Amino acid sequence: MKRRVFGIETEYGLTAATLDGTPASLNADEAARELFTPLIQQYRSTNLFLRNGGRLYLDVGSHPEYATAECDRLDDLLAQDRAGSRLFTDLAAQADHRLEEHGRPERMYLFRNNVDSQGNSYGCHENYLLHRRRDFRQVADALVAFFITRQALVGSGYIRRTPAGAVYCTSQRAEHMWDAVSSATTRSRPIINTRDEPLADSTSYRRMHVIVGDTNVCEATTALKIGATQLLLDAIEEGIHLEDLALADPMGAIRQLNTGNNTQVRLDLADGRSMTAAQIQREIYERVLRRCPVEEMTSLLVYVVDLWDRAIHALDTNDWTQVDTELDHVIKKKLIDAYMSRTGCRLSDPRIARLDLSYHDITASGLADRMEKTGLMKRLSTDEEVTSATRTPPLTTRAYLRGKIIGAAQDAHVDLAADWVHIRPEYGNAQPLSLQDPFACEDVRVDALIRDITDSTPVLPA
């Protein structure tokens with residue numbers, strides 16, 4: 001298997017609500033500032049690179065956001081992704097305690113979802129490092145059919161309100177995509193963003209920024225989303241082509257597919273044929289396995305291949321029983337169906353809306369932890385791995401170097417500025433570092449800087 005660096009950026013929904021049902025005193029901006037109070041007090045910033053190699057920050061629209069460190073192992077990515085939720089959950093618990101101390105009966109709620117109550121969308125962006133090639137745009141165009149039909153497998157489920165009533169759909173992000181491939185990110189959300197910002201040696205690499213994916217709650221769904229894409233990119237670099245699967249109208253297809261019953265919807269291809277989403281995914285799956293031998297995969301990727309196969313079969317037959325603890329939109333629909341059967345309520349009932357939100361809630365009031373413990377949702381990471389990932393970067397990528405420097409600086413109370421590539425010490429005559437190789441986990445310059453940080457006695461700010 002090829003080494004490939006990848007990561008996820010997750011924007012969280014945030015709200016404050018009272019315990020007695022009265023209006024909350026905190027609006028979105030105020031809730032965000034309250035959530036980030038410990039970071040502002042300690043680091044004087046809401047934009048931090050962490051000792052685990054990741055980045056935690058407050059994004060536009062008062063959305064807390066966490067970007068995982070660069071990973072080249074799917075196991076590391078799952079732990080890093082969950083570590084982000086753990087960090088925000090801890091911040092929310094601290095905010096609750098402060099509010100309680102001040103006699104304000106309000107609680108913070110954080111959601112791994114993509115649409116708020118006003119219909120505004122926020123994202124879960126995937127990043128994949130590619131070897132630089134002249135035909136990137138052609139490769140991106142060819143991948144569009146994969147990403148559109150992938151939504152039918154790894155969407156997190158969405159209740160769409162229509163004049164005819166509520167309808168359960170597969171994906172939250174699908175309705176908010178307006179272009180297939182573009183350099184824009186906000187005014188015209190594309191499936192693939194082509195802005196050439198490699199965050200590495202630009203002569204060797206470029207970064208593929210994927211915007212279409214839903215934020216997942218179930219780790220198995222995240223593993224399928226990232227793992228299948230990783231395998232497909234490997235296969236493309238080994239020579240497979242997908243141009244014959246190009247869709248005639250990609251943006252029409254993503255909406256056509258995101259309906260209450262998408263199993264047999266036929267999507268028009270550019271060459272005049274039509275295929276279901278399951279047929280397109282099956283064709284891609286088989287081409288990938290011809291180029292990526294299973295015996296060369298890690299055990300987690302072998303699991304991904306098996307889940308991909310079972311998910312395609314479920315989509316094709318509309319029998320989801322073999323994946324009903326592993327795919328978000330299936331798990332959530334099963335939960336909602338059981339509640340409606342027990343109470344007799346309809347999909348449009350406000351109680352269903354609350355249940356939907358509870359599925360995505362990562363705080364103590366959310367459902368995911370309990371569903372994992374009872375076997376209703378599959379978990380792939382362990383508590384020990386996640387705890388480690390909140391403080392320890394992946395050991396096999398550039399994140400390890402960045403995390404070591406940041407950890408040493410925090411321990412020594414030394415100020416430095418960091419981004420994905422650059423480290424700039426803000427004391428004495430220390431020279432900035434540029435970490436251009438995303439695969440490098442050893443660097444004598446880093447060792448020298450850490451020794452300098454450890455041995456220095458900087459003047460601390462008053």
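Modeller: The sulfur of C292 is too far from any other cysteine sulfur for a bond, because the closest one, in C71, is 20 Å away. This is a predicted model, so local features need pLDDT of at least 70 and side-chain atom pairs pLDDT 80 or more, while totals for chains, interfaces and linings use all residues. Numbering starts from 1 along each chain as its sequence is written, and side-chain values use heavy atoms, leaving out hydrogens and water.

C292 counts as buried, at 3% relative accessibility. (Buried means under 20% relative accessible area, exposed over 50%, partly exposed in between, with a 1.4 Å probe and protein chains only.) C218 is buried too, at 0%. Its closest cysteine sulfur is in C124, 14 Å away, and that is too far for a bond. Searching the whole structure gives 0 disulfides, where a disulfide is a pair of cysteine sulfur atoms within 2.5 Å.

Now the sheet. Eight strands form an open sheet with mixed pairing, in the order β3-β4-β5-β1-β7-β12-β11-β10. Helices (H or I, at least four residues) and strands (E, at least two) are DSSP runs, numbered from the N terminus. Strands pair if DSSP finds at least two bridges between them. The edges are β3 and β10 (179–182); each has a single partner strand, so one side of each has no neighbour in the sheet. From one strand to the next, the twist averages 15°. (Axes are lines fitted to C-alpha atoms, for helices over the stretch in contact; angles run from 0 to 180 degrees between N-to-C directions.)

Helix α5 packs on this sheet. It touches β1, β7 and β12, and its direction makes about 25° with that of β7. Contact means heavy atoms within 4.5 Å.

Look at β7, residues 124–131. Of its 8 residues, 7 are buried, so the strand is largely enclosed by the rest of the structure. On one pairing, β1 (residues 6–11) joins β7 through 5 bridges, running antiparallel. There E9 stands opposite H125. On another, β7 joins β12 (residues 205–210) through 6 bridges, also antiparallel. Here N127 stands opposite H209. In a regular strand the side chains alternate between the two faces of the sheet.

Elsewhere in the sheet, β4 (residues 55–59) and β5 (residues 63–67) pair in the antiparallel sense over 5 bridges. Y57 of that pair stands opposite E65 in β5.

Next, helix α8, residues 299–317. Its 19 residues should span 27 Å at 1.5 Å a residue, and its end C-alpha atoms are 27 Å apart, which agrees. The buried residues of α8 include L300, L301, Y303, V304, W308, A311 and L315. Their cover includes α3, α4 (136–154), α5 (219–237) and α7 (277–291).

Just after α3, G103 has a positive phi of about 70°.

W308 also belongs to a ring cluster: ring pairs link it with F146, F147 and Y285. The whole structure holds 7 aromatic pairs. Rings of Phe, Tyr and Trp (its six-membered ring) pair if their centres lie within 6.5 Å; planes under 30 degrees apart are stacked, over 60 edge-to-face, the rest tilted. The pair of F49 and W420 has ring centres 4.9 Å apart and planes at 85°, so it is edge-to-face. F49 sits in β3 (residues 47–49) and W420 in the loop between β15 and β16, so the pair ties together parts 371 residues apart in sequence. F49 is buried at 12% relative accessibility, and W420 at 17%.

Three strands form it, open and antiparallel, in the order β15-β16-β17. Strand β15 meets β16 (residues 422–425) through 3 antiparallel bridges, and A417 has R424 as its bridge partner in β16. Helix α13 (residues 398–412) packs on this sheet, touching β15, β16 and β17, with its direction at about 155° to that of β15.

Definitions and conventions: Expected span 1.5 Å × (residues − 1).
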